[in-house]
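Hi,

Here is the structure I promised to pass on. Have a look when you get a minute, and my notes on what turned up are below.

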Amino acid sequence: MSHKLLGIDVGGSFIKAGLVDVDAGLVVGELISAPTPQPSSPEAMMPTIAALAARLPEATGGVGLAFPAVVKNGRARTAANVDHAWIGADGAALIRRTLNRDALFLNDADAAGLAEMRLGAGRGVSGSVIMLTFGTGIGSALFVDGRLFPNTELGHMELKGMDSEKYASAHVKAALDLDWRAWMDRVNEYLDRMQALLWPDLFILGGAISERFADFAPLLHCEAEVRAAHFGNQAGVLGAALAAAEAGLGGPMTL
Ligand code: BGC
């Protein structure tokens, strides 16, 4: 029997969920989603997550919860694009209480990066890789020879006197109604800064950029190789479930 774990990817704008066949390494069927409640406090989010989970009753085993914050020792430590009531919250315990399932709680970009490194654009790549996700914020995940350095927050690196995610995220493109060329100019400035500081062998770009990469890759100029994320908006859900399975939550509930 294959294990189908529930993967959940919380974003500043939407919460996505999907069933992940962790043996085959793929999302089964379509992702489902719901708008992130506002305020996006833990109490407000749990009913939304429960409603999404109820639509995926075939799930077995534990849950992977990808979240847009630093997660240390199971607790959120920051909350840039979600309600500050999350700071200090134990995401796995909240999921256990809400869904009666064991859970793994991790940063959303780390989850997306794990999916890409294990099965997607970074599969088999050694050396240093930086995965960047462009959404409400900018998420980052750093890998050396496939091993994750967790909780990097490179979307908060200063650029133009502000948090770089306030300058170059997909949200900023929409909010300022930037065309693709103007947005890619900003992304290039961001990549230049990363390049100067970290000199990776490969950048993997996820989020809105990966969806139209063939059209807009020619506008990107970067010393390192740049690839589009393979899993697009599924990467966080997939990576969260894979991480839960790797943490031993693949089977029946272990509580
Ligand atoms: C958060 C990160 C997160 C990124 C993408 C940033 O604002 O600080 O933890 O990975 O957004 O969601």
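Before the notes, one bit of bookkeeping on residue classes: Ala, Val, Leu, Ile, Met, Phe, Trp, Tyr, Cys and Pro count as nonpolar, Asp, Glu, Lys and Arg as charged, and the others, Gly among them, as polar. Also keep in mind that this is a predicted model.

With those classes, the lining of the largest pocket comes out as 15 nonpolar, 22 polar and six charged residues. That pocket has a volume of about 810 Å³. It is lined by 43 residues, and the ones closest to its centre are Lys-16, Thr-133, Phe-134, Gly-135 and Thr-136.

Which domains supply the lining of the largest pocket? Domain 1 (4-107) and domain 2 (121-229) each give at least three residues to it.

Those two domains are how the chain is divided up, and their C-alpha centres sit 24 Å apart. Nine residues from domain 1 and eight residues from domain 2 take part in the contact. Together the domains bury about 580 Å², with 39% of that on carbon and sulfur atoms. On the domain 1 side, Val-70, Asn-81 and Asn-107 lose the most area to domain 2, and together they make up 59% of what that side buries.

By class, the face of domain 1 that touches domain 2 has four nonpolar, four polar and one charged residues. What about polar links across the interface: how many residue pairs are in polar contact between domain 1 and domain 2? The count is three, with both residues at pLDDT 80 or more.

Last item: the second largest pocket has a volume of about 260 Å³. Its lining is 16 residues, and Leu-106, Asp-110, Leu-114, Leu-148 and Pro-150 lie nearest its centre.

Cheers

Notes
Residues numbered from 1 in each chain as written. Predicted model: local features only at pLDDT ≥ 70, side-chain atom pairs only at ≥ 80, totals over all residues. Heavy atoms only, no water. Domains from an automatic or database assignment. Contact = heavy atoms within 4.5 Å. Buried area = accessible area lost by both parts, 1.4 Å probe. Polar contact = N/O pair within 3.5 Å; in protein donor to acceptor, adjacent residues only side chain to side chain. 1 Å grid on protein atoms, 1.4 Å probe; cavity = no way out; pocket = protein on both sides within 12 Å on 5 of 7 lines; lining within 4 Å. Points joined across faces, edges and corners; volume = space filled by probe spheres on them.
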